[in-house]
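Please read this briefing with the sequence and the 3D view side by side.

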Amino acid sequence: MTVPLISPSILSADFARLGEEVRAIDEAGADWVHVDVMDGHFVPNITIGPAVVKALRPHSAKPFDVHLMISPVDSYLEAFAEAGADIITVHPEAGPHVYRTVQTIKNLGKKAGISLNPATPAKMLDYLIDEIDLVLVMSVNPGFGGQSFISSQLRKIEAVRKMIEKSGRDIRLEVDGGVDGITAPLCVAAGADVLVAGSATFRGGASQYAANIETLKGLR
Ligand code: DX5
Ligand code: ZN
């Protein structure tokens, strides 16, 4: 089976020591660093902004996978790009013209991702699939870490995998929410190749990060 890339969500890290935490997951084998940006408006939680992304940038050379849960989103794309995001993922519901949002991200020289909420159908990608670099299937309602995996999203992962194959393009399929040692292999079997994991990466403290990441990759 495919060994997935792991993108730990720093939402579950110790916010008082974020730089150290990013270094620790990098050294523990994380492939990407997942940054959850929330505005208290698009989702019911407030997290971090471009200044924190910029401050964290020197702590790892791994790709920064920035998941924007903010609305409106367009006016912040440049700030996150300049702060050091490599991949910028947006929700189609977060602005009136998602196609334009994707074009803006690409014009900033960054990879563009589209995130699908649990009730958002895969079909939403029909006219975006030829433009994007990543699809992020949300397997929880966005807003908080530590929620339970919504299993109906496995069908969506399968549907998106088919769309990606059909497009013939190099598009990553990432899953976010409730991913742990039990649900990770289900996501990979359904067609995912990148797994976001917050609680399942950071549990047990820094001495466990490498083992946690290996478990998520299915290597132990
Ligand atoms: C939820 C975030 C997720 C979340 C994942 O809105 O997008 O990235 O932090 O956390 P876990 O892995 O704990 O479900
Ligand atoms: Zn996320």
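This is a predicted model: local features need pLDDT of at least 70, side-chain atom pairs count only at pLDDT 80 or more; totals for chains, interfaces and linings use all residues.

**The shell around ligand 1**

- The shell consists of 21 residues, and the closest to ligand 1 are Ser9, Pro142, Gly145, Gly198 and Ser199.

**Positions annotated in UniProt**

- Under "binding site", the unreviewed UniProt entry lists His34, Asp36, His67 and Asp176. These residues span 143 residues in sequence, yet no two of their C-alpha atoms are more than 10.5 Å apart, so they gather at one spot.
- Under "active site", the unreviewed UniProt entry covers Asp36 and Asp176. Although these two are spread over 141 residues of sequence, they cluster in space, with a largest C-alpha distance of 10.5 Å.
- Histidine 34 is placed in strand S2, which runs over residues 33-38, and it counts as buried because 29 C-beta neighbours lie inside 10 Å. Not counting residues up to four places away in sequence, histidine 34 touches Ser7, Pro8, Ser9, Ile10, Asp65, His67 and Val196.
- Aspartate 36 is placed in strand S2, and aspartate 36 is buried, with 24 other C-beta atoms within 10 Å. Leaving out residues up to four places away in sequence, aspartate 36 touches Ser9, Leu11, Thr47, His67 and Met69.
- Aspartate 176 has its place in strand S7 (residues 172-176), and with 28 C-beta neighbours inside 10 Å it counts as buried. Apart from its neighbours within four places in sequence, aspartate 176 is in contact with His67, Leu136, Met138, Ser139 and Val196.

**The nonpolar core**

- In soluble globular proteins, nonpolar side chains tend to be buried together. In this model the largest nonpolar core has 66 residues, and those with the most contacts inside it are Val66, Ile88, Val135 and Leu195.
- Leucine 195, once its neighbours within four places in sequence are set aside, is in contact with Pro4, Ile6, Ser7, Val175, Val179, Ala184, Cys187 and Leu216.

- In helix H1 (residues 18-27), the buried residues are Glu21, Val22, Ala24 and Ile25. Seen down the axis of H1, these buried residues fall within an arc of 160°, so they line one face of the helix.
- Glu20 and Glu27, on the other side of H1, are exposed, whereas the buried residues of H1 pack against strand S1 (5-8), S2, helix H2 (50-56), H7 and helix H8 (209-217).
- In helix H4 (residues 98-107), the buried residues are Val98, Thr101, Val102, Thr104 and Ile105. Viewed along the axis of H4, its buried residues fall within an arc of 160°, so they too line one face of the helix.
- The exposed residues Tyr99, Arg100 and Asn107 sit on the face of H4 turned away from its buried side, while the buried residues of H4 pack against helix H3 (77-83), strand S4 (87-90) and strand S5 (111-116).

**Backbone details to look for**

- Most residues other than glycine have a negative phi, and most peptide bonds are trans.
- H1 is followed by glycine 29, whose phi is positive, near 105°, and just after H4, glycine 109 takes a positive phi of about 85°.
- The peptide bond from serine 71 to proline 72 is cis, with omega near -5°, and proline 72 lies in the loop between strand S3 (64-69) and H3.

Terms used:
Residues are numbered from 1 along each chain as its sequence is written. Chains are lettered from A and ligands numbered from 1 in the order in which they are written. UniProt positions are given in the numbering used here, feature names are shortened, and annotations may be inferred rather than shown by experiment. Helices (H or I, at least four residues) and strands (E, at least two) are DSSP runs, numbered from the N terminus. A residue is buried if 20 or more other C-beta atoms lie within 10 Å of its own, exposed if 12 or fewer, and partly exposed in between; C-beta atoms are placed from the backbone. Two residues are in contact if their C-beta atoms, placed from the backbone, lie within 7 Å. The arc is that of the directions from the helix axis to the C-beta atoms. A residue is near a molecule or strand if its C-beta atom, placed from the backbone, lies within 6 Å of it. A nonpolar core is a set of buried Ala, Val, Leu, Ile, Met, Phe, Trp, Tyr and Cys residues joined through C-beta atoms within 7 Å.
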